[in-house]
Amino acid sequence: MAENPAYRLWTMRILYVVLGVTLIFLHLLPLDTLPRSWAGPDIMLALTFAWVLRRPEYVPPLLLAGMFLLADLMFHRPPGLWAALVLVAAETLRARYIGLRDLTFAVEWVSVASTLVVIMIVYRVVLTVLMVDQAPLGLSLMQLIMTMAVYPVVVVVSQTVFGVRKLAPGDIDALGGRT
Amino acid sequence: MARNRAQTTDYTGPLKRMLIGVLVLVLIGLFLLWRIDSPRVERFRAQVIDRVVPGFDWAMAPVTGAVNILQDFQSYQRIYQQNQELRRELQQMKAWKEAALQLEQENARLLDLNNVQLDPRLTFVTGVVLADSGSPFRQSVLINVGARDGIVDGWAAMDGLGLVGRISGVGDNTARVILLTDTSSRIPVTIQPSGQQALVIGDNTAAPPIDFIEAADQVRPGDRVMTSGDGEVFPAGLLIGQVAEDPGGRMRVRLAADYERLEFLRVLRNYGHERVTDPGNLIAPEGLPGSEVGDAETTAEGADG
């Protein structure tokens, strides 16, 4: 598919932006304006974490921060806070990328889930401290659990459809080095 | 090769970490700025949305239409039954229409007898709903009219029948309407016929609760809830819905507006009311003919006292 690593790198970065914008677009469709009693998963977050743990170079910090800031602005969330937390979480995962690369998927899933829980707690605590109106706890929990549940699906889809897999020994990575 | 790689990561590491640190600081700074000076950041948000959402518009209409058709398709299965129901309802509606027409005529006659002046400036701009808030946690919609059409923050948005929400955030071509069901929505209301004052507080459910009722025992399910105009939030007398009691015994509003299908919204132009600021002159205005007599009287009274 891609002989030139740099070409593939930029294709995948653009693909990440396209996927993010598509997800925002799907969320914005005015399909039901009644308050919902359920909350779907945050697929964009799962996608970001899955890619960070597979090919960190496809999701550079600047791009990630930009996408989540856009989502914050579009979804009428407090701007910046969620983006900052996601960025910190993604960088923590990225730092553990080398260690997690050789372990099983279960370990990866657990570490992603714990990261999700931590940023959710920090988010709610900060909003409470600064006395910002926030979503009902039940809905947030539901979204958290749904995101955890959907994570393996996102991983499988990004591996099969978009070809974002972990580097095997001997592969050439995007920067042209051999792992 | 491996050593080379290690070295390059050593060189880029600190730089990268600094970039990430700066990014996080900028984002948190933006959040704090939003917390301190909300209107400015909200204006920025409105501008961003103004750029992005109309760009989506060409794709949104067909996709929304297709999904709605799919949803409607399910109801075709019981189309006969529905038809019968509709016929029955139509029959009832005809009776109501007759009653409404008579009442309207009577109302017009009475208004004429009393020489009542309706506020001529209460006109509206109609907009199409472009997008919803995109998350289950916030209840708002974007409409395709904005500052270009003279929309101002705080105006009321209605569908044909009842109040839907309040303009909050105006871009050039778009405006955001915070719905009554949003957790940040608080609307001062009057409950008729008892005339009780209360607040309708959004809580992310389809029927927002009514709180701070003065005498709760005078409010019955089925009473009409209208805006009261207190706090100059909205013009007075816009219909919101009917009082209903939930299983927990709490008073809620069943909203008159059809929240399932918000397609067109009317934004009411409202330039506020003139206020009476000078209570002293009400007794004897200076500009009126005969004001000198009034002055003389008051001085005479003062002397008497």
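**Notes on the helices, sheets and contacts**

1. Let me start in chain A, where A:Arg13, A:Tyr16, A:Val17, A:Gly20, A:Ile24 and A:Leu28 of H1(A) meet A:Leu63, A:Met67, A:Leu70, A:Ala71 and A:Met74 of H3(A). By class, this contact of H1(A) with H3(A) has 9 nonpolar residues, 1 polar and 1 charged. Please keep in mind throughout that this is a predicted model.

2. How do these two helices lie against each other? The stretches to look at are residues 5-28 for helix H1 of chain A and residues 61-74 for helix H3 of chain A; their axes are 11 Å apart and the packing angle is about 10°. Angles under 35 degrees count as roughly parallel, and H1(A) and H3(A) are therefore roughly parallel to each other.

3. Helix H2 (residues 43-54) of chain A and helix H7 (residues 137-160) of chain A have axes that come within 9 Å and cross at roughly 55°. That angle makes H2(A) oblique to H7(A). The crossing of H2(A) past H7(A) is right-handed.

4. Which residues make the contact between H2(A) and H7(A)? From H2(A) they are A:Ile43, A:Leu45, A:Ala46, A:Leu47, A:Ala50 and A:Trp51. H7(A) brings A:Thr147, A:Val150, A:Tyr151, A:Val154, A:Val155 and A:Ser158. The class count for this contact is 10 nonpolar and 2 polar residues, with no charged residues.

5. Now to where the chains meet. The contact between them takes 36 residues from chain A and 45 residues from chain B. On the chain B side, helix H1 (2-36), helix H2 (38-75), strand E1 (124-132) and strand E2 (140-143) each supply at least two residues. By class, the side of chain B that touches chain A holds 28 nonpolar, 11 polar and 6 charged residues.

6. For chain B itself, the domain assignment gives domain 1 as 2-75 and domain 2 as 124-268. The C-alpha centres of domain 1 of chain B and domain 2 of chain B are 29 Å apart. Between these domains, 10 residues of domain 1 are in contact with 10 residues of domain 2. The side of domain 1 of chain B that touches domain 2 of chain B has 5 nonpolar, 1 polar and 4 charged residues.

7. Next, a barrel in chain B. Its 6 strands run E1-E2-E5-E4-E3-E12, closed and with antiparallel pairing. On average, neighbouring strands here are turned by 45° against each other, direction ignored. Strands E1(B) and E2(B) run antiparallel and are joined by 3 bridges; B:Ala131 has B:Leu142 in E2(B) as its bridge partner.

8. Chain B also has an open sheet, in which 6 strands are ordered E8-E7-E6-E9-E10-E11 with antiparallel pairing. Why is one side of strand E8 (210-211) and of strand E11 (251-255) left without a neighbour in the sheet? Both strands of chain B stand at the edges and have a single partner strand each, so one side of each has no neighbour there.

9. Strand E9 (residues 224-227) of chain B pairs with strand E10 (residues 239-245) of chain B in the antiparallel sense, over 3 bridges.

Key:
Residues are numbered from 1 along each chain as its sequence is written. Chains are lettered from A and ligands numbered from 1 in the order in which they are written. This is a predicted model: local features need pLDDT of at least 70, side-chain atom pairs count only at pLDDT 80 or more; totals for chains, interfaces and linings use all residues. Domain bounds come from an automatic or database domain assignment. Two residues are in contact if their C-beta atoms, placed from the backbone, lie within 7 Å. Ala, Val, Leu, Ile, Met, Phe, Trp, Tyr, Cys and Pro count as nonpolar, Asp, Glu, Lys and Arg as charged, and the others, Gly among them, as polar. Helices (H or I, at least four residues) and strands (E, at least two) are DSSP runs, numbered from the N terminus. Axes are lines fitted to C-alpha atoms, for helices over the stretch in contact, and angles run from 0 to 180 degrees between N-to-C directions. Angles under 35 degrees count as roughly parallel, over 145 as roughly antiparallel, 65 to 115 as roughly perpendicular and the rest as oblique. A crossing is left-handed if the near helix is turned anticlockwise from the far one by less than a right angle, and right-handed if clockwise. Two strands pair if DSSP finds at least two bridges between them.
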